[in-house]
Amino acid sequence: MASPGTVPQAPSGIRRIVAASLVGTTVEWYDFFLYGSAAALVFNTLFFPSSDPLVGTLLAFLTYAVGFAARPLGGIVFGHYGDRIGRKRLLVLSLLMMGSATFAMGLLPTHASIGVGAPILLTVLRLVQGFALGGEWGGAVLLVAEHGDDRNRGFWASWPQAGAPGGNLLATGVLAFLAAVQSDEAFLAWGWRVPFLLSGVLVVIGLWIRVSVSESPAFLEARARAEAEEAAGERRRPPVVEVLRTGRRGILTAIGTRLGENVSYYILTAFLLVYVTVHLQLPKSDALNAVLIGSAVHFVTIPMWGALSDRIGRRAVTLVGSIGMAGWAFAFFALLDTRSFPMIAVAVTAGLLLHGAMYGPQAAFISELFDTHVRYSGASMGSQLASILGGALAPIIAVELLRDHDSSLPVSLYLCAAALVTTVTVLLARETKGRSLTGANSAPSGAARPESAPVGR
């Protein structure tokens, strides 16, 4: 139940909040994934020229990983201020930063024009992207989770998660269209810049929608409580310090829960482009169109998994995805190796369907691990630390394994191991479905805080 000082959002109100979060996260993920696709398709040639295609790709993915390295710092900074001054303001700032960096990438000179300065500038802009995205995820999902009610939180909070496949669908779709209507020479000469420059238009649309929403009622309640405590002479620690003191278990649970999901997503999408175009030597359109089909299914099914978690629990749905992914890790490459486009599309789509089972309930699950006054910090810190161990390293490790062994089996074993880490983490975690996100000591319905709350004390 909501606390006396808050009123649950009417359906029309929560839909407006969901729309603002979804549009913003779609734009931000479009910007972020656009770099990953470009790293696999053009940046290896334009910014990191090498006689060995896999070496150039590896260098491109190293700058891709730099964006992930900046995400925990962004999570800490945005989390601190998001817990102090509100979710909404930080979400507007993150969208502006991400869009500006991506637009600037479309204007960059290449290695042929200015030499080593080109990859340096590219890396700096990638750092800005990562910093912005580190603050985006926590704020977007919390704004929805804290506006909604306890019974349907899994469904509503999963919609910002759908921004990831939405952004990937948009980025891959633009690249696929350009690749289809342009020659390879034209695409390398100037066509690749178009998707980056389009980011400017998308950011304006995202800001127009995002600035119109209201602040989270749970945050407003927590801020009023904090102000009353400060007026009474009590002092609170900074949110980052407090969550490290009281919420270490929640942070570790978030990291383990995200690891298998993160690794699998970037293997299924970013590394797929390398495997299909370089290792199998198939047209890049095969890989891009397979990701397009899979992302469309992914977008639609993520909210379904979130809704199912409201019925049977966050843990049960996540385990469907993590255990399924551990097995699919081997079937995935077997289907790719057929060199048949329908089989490649099936491989990606089924993999993303299983990924959605991990990803859909994740927003509600991680939100429910922390108290309101440290929730932005805790959720951002746990999720973004996992992104370094998972998404940042996954394409690099996969490319290196492929180079060393000339076989997909080591990559399958790596993906399987990551999925099993998530499986074990979720098995050891407490169920959070039904926990109230308002009140000073919120806990699952009918449970006492010390025994049942997921945040360690």
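Before the first entry I wrote down the cut-offs: a residue is buried under 20% relative accessible area, exposed over 50%, and partly exposed in between. I also kept in mind that this is a predicted model.

I started with Tyr81, which I found in helix α3, residues 71-85.

**Buried threonine.** Next I went to Thr25 in helix α1, which covers residues 11-46. Is Thr25 buried or exposed? Thr25 counts as buried, because its relative accessibility is 3%. Leaving aside residues up to four places away in sequence, I listed its contacts as Glu136, Ala140, Pro160, Gly163 and Arg210.

**Helix pair.** I then checked how α14 (residues 284-312) packs with α15 (residues 314-336): the angle is about 130° and the axes are 7 Å apart. I therefore noted α14 and α15 as oblique to each other. On the α14 side I found Trp305, Leu308, Ser309, Asp310 and Ile312, which meet Arg314, Ala316, Val317 and Val320 of α15.

**Positive phi.** Last, I looked at two loop residues. Gln281 sits between α13 (248-279) and α14, and its phi is near 55°, positive although the residue is not glycine. With a relative accessible area of 68%, Gln281 is exposed. Arg339 lies in the loop between α15 and α16 (341-359). Arg339, also not a glycine, has a positive phi of about 60°. At 45% relative accessible area, I logged Arg339 as partly exposed.

Terms used:
Residues are numbered from 1 along each chain as its sequence is written. This is a predicted model: local features need pLDDT of at least 70, side-chain atom pairs count only at pLDDT 80 or more; totals for chains, interfaces and linings use all residues. Side-chain values use heavy atoms; hydrogens and water are left out. Helices (H or I, at least four residues) and strands (E, at least two) are DSSP runs, numbered from the N terminus. Axes are lines fitted to C-alpha atoms, for helices over the stretch in contact, and angles run from 0 to 180 degrees between N-to-C directions. Angles under 35 degrees count as roughly parallel, over 145 as roughly antiparallel, 65 to 115 as roughly perpendicular and the rest as oblique. Contact means heavy atoms within 4.5 Å. Buried means under 20% relative accessible area, exposed over 50%, partly exposed in between (1.4 Å probe, protein chains only).
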